[in-house]
Amino acid sequence: MPPQGIKDWLSDFETIAEEIGLDVTIDETGIFKIRVDGDLPTIGKIRYSEYSIRKEDHIWQRFDRELEAIEDDTDRRVFAIQLDLASKDEFNREDDHFIFLDEEFLKTETSDNGDVHIDTEKPGQYEGHSGNIDNWNVLFEYLTRGSIDQDLGAILEAENHEAVSETAPYYWVNQNEGEIEGEFLRAPTSGRFQHDLPKLKNGDIVFSYLDGQIVGYHEVEEPARIVKIPAEEAASYSGTDETVKRYRVETMFTRFNEPLEFVEVFPTLLEHKLDKYYPVNQGGINQQYLFNLSETAGVYLLRKGDPEAFGLYENLSDAETDVRNRLDDIPEFGSLLSEDIALEKVREWKEILRRNNVIASDVRRGDYESLAQIRRLYEAHEESLDDRAEELGVKRFNNLSPGEVLFIVLLRDLQREAGVSEAALNFNQHKFSRIMNQTYISDEEIPTTSSPSAHAEEIRRQLTDQGQLVFHGPPGTGKTYTAKQFAYWWLHQTPDEPYAEQLRTVTFHPSFTYEDFIEGLQATESDGAVNYSVEPGIFKDFVDLATKAYEDVSDDEEARPYLLIIDEINRGNLAQIFGETITLLEQDKRLGAENETTVQLPHSGDEFVIPPNLYIIGTMNTADRSIALVDAALRRRFRFLHFPPAMAPLGDTYEFSGEVELESLATSGDPADSLLALSILAWDRLNARIREATQLGRGKQIGHSYLLGIDRGEDTTEQINQIVDAWQFEILPLLEEYYFGQFVEIERQLFDGDTGELLDIERQEIRDFTAGELATVLSDLVGLEVEWTPPSTSMGSFSNSLVYLADQGILQVGDELQFDTDAMHDNPDLKYEPDSDYWSCTIADLSAQKSVRWAHDGELHSLSDLVRRIDHDHRDTDRTNYAGPNYWFIPGLKEYSLLEVAQRIQNGEFSPDELRSEVQ
């Protein structure tokens, strides 16, 4: 069977083919997996490469099967698809790629030995194939022999929230406790059945499976929407973006009093199995995310886990229909609420429910009282509602009592009486529950800070005078950090405790629009009709809060300040985002000022003005754009504060007094102190050279914060690892970005022509390097003679054979090790000669996990990782776990692996002294 990645790609292929009406035949077990019939039949083969383990800068394949098919039938068209995957596990559109190769390429590009090289610098970039990379239109235009106007890739993006699989009476999800506690479902926007959250509708029941138990069920409260989450929260994501898109469905979760053990319910679930998309099979449970359940299976689980769930209304529509029919029989019961509430108040509540997300607890503090009025109205009539519901025979709905159901129906009827359309009715069981439990009340507080930043008073003075500031400077100089710390200090400089709503942060980016910031139209569907409503953007919503606070105080009182932090302000199209509101930022044009100015917003027609208690701090990365390129209208209305790299924060954090003390620590401190001191000195030297470099300048220096995260409370080895990581994953990639990948220029201009083992100039990439290799380069850069040695590696055992043998004096850094080909499974044919550097490595750093440097590629690896690569190069295997020391030996001791030598020394069978002399 093909790897999962091929299956996933074929699934995407079929989805598009079905959408455009192209009949295709898929054969997962055949050599050619795709066939498109016609006068000239077309067949396609799919191949794959795993870029995460690729050691070369090209993909090589042999297209012998494709060429044979062309030769057998010259009228038949043949093509190939080359997948470039992170692993065999799946094809992930966010970080995996495919290349379409037509018959002309297959015929003309084959080399003499039958191999074809597809050159690649990194995943997604393949020399000579730019138009055929991840391009579904090119592929299907080839198959259909015609042009296709629509963007076929958009079919897979599922931005329209369309379901891709069949619906079911009930559903099942394999879940984690975080989703259960948070009452939501979340899955990638892959367009595959196991992630098909868009098919869930309000009221659907989704049973939750966790650690061998069905622990309860979700009831869907809001349909799927697409959200962005931090990449570290996305377990299946392995790309480089800071955020990723995911479907999210809001739910209300009911936990069973006693979880259902899977082994007990398994036979019944299997007996009532659906043909596809089902969570169980003969062998047990399927491991994907979302599945369909048959009605019999769902009812069985619900009865077994929550017996009280039956005798209920199925949904709110059923409840309303039934209650109204009962009220028609006894008309006087319908006047219970209307006697005590004015329709104008009902309309006010409707608007408050519209502009607040009660379910997500995103409610303005100023609207708390209105929601409390709804709660008090129910409480005032609770006893009467219960009595009348019992007389009417009203049933339960979800976890609501008959009296609560009656209240919801009556209040919705009042909304209708107040002129609210059916599509705009917005009081339901979910909002009622949140209002009664008061879960919308936020307990968030603006954090306090023990001491203001060094420039807090200057920032306060400039901000209150101008109203808007921009902190600008190179990356890593603490602009965003300072903005937040200032906000925490300044907002607490008022007599009253600040509200969380007084501080908001937003990040601008190239796709950020006026509609996101000020206001825009949003389409909703109801009963087959599309309705458009004007939705406020982030800034307008924040202005409304500040305006309400300003208008709620008397003339002799000072309104609470509201502070908006705009991170990366220069990355957005500022003229487009602010639009006509840009002029309103000026102090004399604010609400109540001498030249108060309002504008009429284009969508809503509302009059818009900015109150004087609203302030803005933007942060600007000068590595992206200089101040001179910022929109002139914005420059006139903001003051700019420069944030350069500074030695002082490093000195305060690590407690050194200057360059002389740093040089002393570099040459005589312990390994962690020495490497940190070298790093700070080198950072300072690099910034001096960057300022002098014509193509860089002061705006592209390296900020001090890149070296501020070293945890001095950790042990020496961990501190060293953190310093190495700062250079390998932050500082050097930043320099690569500054120089647009010109590694030769980085080495020539900044490192005196020698980056040692830090950069691979030929391959144009940052190497995996050791702390010792980093120390050597930094010492040369700052002109110090430093004999840097790693910390002691003694472990008292041979759980790490290399370390143990080094402690016994048998091995040391620089020693060569050889691979034992006789230890390989299945005795494969060797692809390299016995004397090839493919079979050898040298010890590079005994304190690191990647402790050896492979002679074949010059990169750092662990012994086990090398064994895995060599084994996978020589045979088709899914094995991932290897005991590296079992496969490597010391030249001169070929008959014993490293592990065997360590064991025999430990057992007293070998003498370290005799071995030392033998090895030498």
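Predicted model: local features only at pLDDT ≥ 70, side-chain atom pairs only at ≥ 80, totals over all residues.

**A parallel sheet**

Guide: Five strands make an open sheet with parallel pairing, in the order 19-22-25-18-26. Strands here are DSSP runs (E, at least two residues), as helices are (H or I, at least four), numbered from the N terminus; two strands pair if DSSP finds at least two bridges between them.

Visitor: Which strands are at the edges?
Guide: Strand 19 (503-507) and strand 26 (639-642), each pairing on one side only. From one strand to the next, the twist averages 20 degrees.

Visitor: And how many bridges join strand 22 and strand 25?
Guide: Five, in the parallel sense, between residues 562-567 and residues 614-621. Ile565 has Ile617 in strand 25 as its bridge partner.

Visitor: Which strands does helix 15 lie across?
Guide: Helix 15 (residues 479-490) lies across strand 18, strand 19, strand 22 and strand 25, at about 160 degrees to strand 25. Such angles run from 0 to 180 degrees between N-to-C directions, with axes fitted to C-alpha atoms, for helices over the stretch in contact.

Visitor: New topic: what's the order of the antiparallel sheet?
Guide: That open sheet of five strands runs 32-31-30-29-33. Strand 32 (860-861) and strand 33 (888-889) are at the edges with a single partner strand each, so one side of each has no neighbour in the sheet.

Visitor: What's the bridge partner of Gln818?
Guide: Phe889, in strand 33. Strand 29 (residues 816-819) and strand 33 pair over two bridges, antiparallel.

Visitor: Where's Glu166?
Guide: In the loop between helix 5 (153-157) and strand 9 (170-174).

Visitor: Which residues does Glu166 touch?
Guide: Leaving out residues up to four places away in sequence, Glu166 touches Lys199, Lys276, Tyr277 and Asn292; contact means heavy atoms within 4.5 Å.

Visitor: Why does Glu166 count as partly exposed?
Guide: Because its relative accessibility is 46%. Partly exposed lies between buried (under 20% relative accessible area) and exposed (over 50%), with a 1.4 Å probe and protein chains only.

Visitor: And overall, how many helices and strands?
Guide: The protein has 29 helices and 33 strands, and 50% of its 920 residues are buried.

Notes. Residues numbered from 1 in each chain as written. Heavy atoms only, no water.
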